Amino acid sequence: MEIKTIEELGRIPVENDDFAAASDQGEGDVILRPSLNYWQDAWRRLRKNPVAILAIVMLAALAVMCVVGPGMTGYDYDAVSLSEKNALPSSEHWFGTDKMGRDLFTRVWIGGRISMILGIAGAAIDMLIGVVYGGVAAYFGGKTDAIMMRIVEILASIPYLLLVVLVSLIVGKGVGSLLIAMCLTGWCHMARLVRGQVLQLKDQEYLLAAKALGTPWYKVIFRHLIPNTLGVVIVAVTFDVPSFIFGEAFLSYIGLGVQAPMTSWGSLASNAQQTMAFYPYQLFFPAFFIALTMLSFQLLGDGLRDALDPKLRQ
């Protein structure tokens, strides 16, 4: 093999064909997957979970029916017809009627509105209070954290049913008193969860840099700390909503919830249990939709937990 000196190599003519565009240099330089941020990648992995997508579809269908369902039959939810009381499901009354002759199909979807709104509103209030409270407690730490967490422990130790009874006596029975009673202590779990997440994040380098630059404490909390806990918070909210729905159903079942003529799934189940042996369909429909809604939120929560977990990113 002939070895050429540098001077000889410098005299070799260079042709345009000796160079190729970067895109033509081989398959090794081709980008196999576009760059995705955290939320785009989470959505990509959530879409690959068929169970979570099925849960989203079921929740969307239930929400649509709660909006349009009461207007599909032409009956008012409080319209009484004693001549049609306890009628079996038929072409006129798709879910049958109750002991007052009221159309159950209409009442089931009116009750669904109350149950879904109460569950979502309660979870949203819990999230708002718990995230702010837990974030502030963890950021300041020390005595501030100790005092704030002792308050949380005291509130969490109050019996839930006692709170509902006291609020009902003061405010009166209804949706408002239910929401107040369930939110008075419901945010405590969210506060503990966010506090634990913030304690893990508060010593990160980017937070130390923000403090060194003189960033106010509230900006550090709301701009840097809380956004980095949203993945865990969103998953917790999807598990909170079914607990609120079940709590409303239980309280309405024992007579402390929604009052007639307004109804909810829990109220419908409470009224139907008196005649369950003779007209089981009156209990079946509200109980079925309570179970379906809770199952859908649980499955969605499992899917979101897998999609938002950074350890599972591929």
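Q: Let's start with Arg305. What does its relative accessibility make it count as?
A: Arg305 counts as partly exposed, at 45% relative accessibility. Buried means under 20% relative accessible area, exposed means over 50%, and partly exposed is in between, using a 1.4 Å probe and protein chains only.

Q: Which kind of model is this?
A: This is a predicted model, where local features need pLDDT of at least 70, side-chain atom pairs count only at pLDDT 80 or more, and totals for chains, interfaces and linings use all residues. Residues are numbered from 1 along each chain as its sequence is written, and side-chain values use heavy atoms, with hydrogens and water left out.

Q: Back to Arg305. What does it form with Asp302?
A: A salt bridge. The closest N and O atoms of Arg305 and Asp302 are 3.1 Å apart. A salt bridge here is a side-chain nitrogen of Lys or Arg within 4 Å of a carboxyl oxygen of Asp or Glu.

Q: Where do Arg305 and Asp302 sit?
A: In helix 13, residues 281-308. They are three residues apart there, so about one helical turn separates them. Asp302 also counts as partly exposed, at 28% relative accessibility.

Q: How many helices and strands are there?
A: The protein has 13 helices and zero strands. Both are DSSP runs numbered from the N terminus: helices are H or I with at least four residues, strands are E with at least two.

Q: How much of the protein is buried?
A: Buried residues make up 40% of the 314 residues.

Q: And the contacts? What share comes from residues 24 or more positions apart?
A: Of the contacts with a separation of 6 or more, 70% are between residues 24 or more positions apart. Contact means heavy atoms within 4.5 Å.

Q: How many salt bridges does a search find?
A: Five in the whole structure. One of them joins Glu153 and Arg150, with closest N and O atoms 2.8 Å apart. Those two are three residues apart in helix 5, so they are separated by about one helical turn. Glu153 is partly exposed at 38%, and Arg150 is partly exposed at 41%.

Q: Which residues are linked in a network of salt bridges?
A: Asp98, Arg102 and Arg107. Within it, the side chains of Arg102 and Asp98 meet at 2.9 Å, N to O.

Q: Are Arg102 and Asp98 buried or exposed?
A: Arg102 is buried, with a relative accessible area of 11%. Asp98 is buried too, at 9%.

Q: New topic. How many cavities turn up?
A: One of 30 Å³ or more, in a search of the whole structure. A cavity is a set of points, on a 1 Å grid over the protein atoms alone, where a 1.4 Å probe fits but cannot get out. The largest cavity holds about 100 Å³ of space. Its volume is the space filled by probe spheres set on the points, and points are joined across faces, edges and corners.

Q: Which residues line the largest cavity?
A: Among them are Asp98, Arg102 and Arg107, along with Leu104, Leu268 and Gln282. Lining residues have an atom within 4 Å of a point.

Q: Which helix gives the largest share of that lining?
A: Helix 12, with three residues. Helix 4 (104-140) and helix 12 (265-272) each supply at least two.

Q: What classes are in the lining?
A: Three nonpolar, three polar and four charged residues. Ala, Val, Leu, Ile, Met, Phe, Trp, Tyr, Cys and Pro count as nonpolar, Asp, Glu, Lys and Arg as charged, and the others, Gly among them, as polar.

Q: What about helix 7? Which of its residues are buried?
A: Ser177, Leu178, Ala181, Met182, Cys183 and Thr185. Their cover includes helices 4, 5, 6, 8 and 11.

Q: How far does helix 7 reach?
A: Its twelve residues, 175-186, reach 16 Å from first C-alpha to last, close to the 16 Å expected at 1.5 Å a residue. The expected span is 1.5 Å times one less than the number of residues.

Q: Last one. What is phi of Asn86 near?
A: Near 55 degrees, a positive value in a residue other than glycine. Most residues other than glycine have a negative phi. Asn86 lies in the loop between helix 3 and helix 4, and it counts as buried at 17%.

Note on methods:
On a 1 Å grid over the protein atoms alone, a cavity is a set of points where a 1.4 Å probe fits but cannot get out, and a pocket is an open set with protein on both sides within 12 Å along at least five of seven lines; lining residues have an atom within 4 Å of a point.
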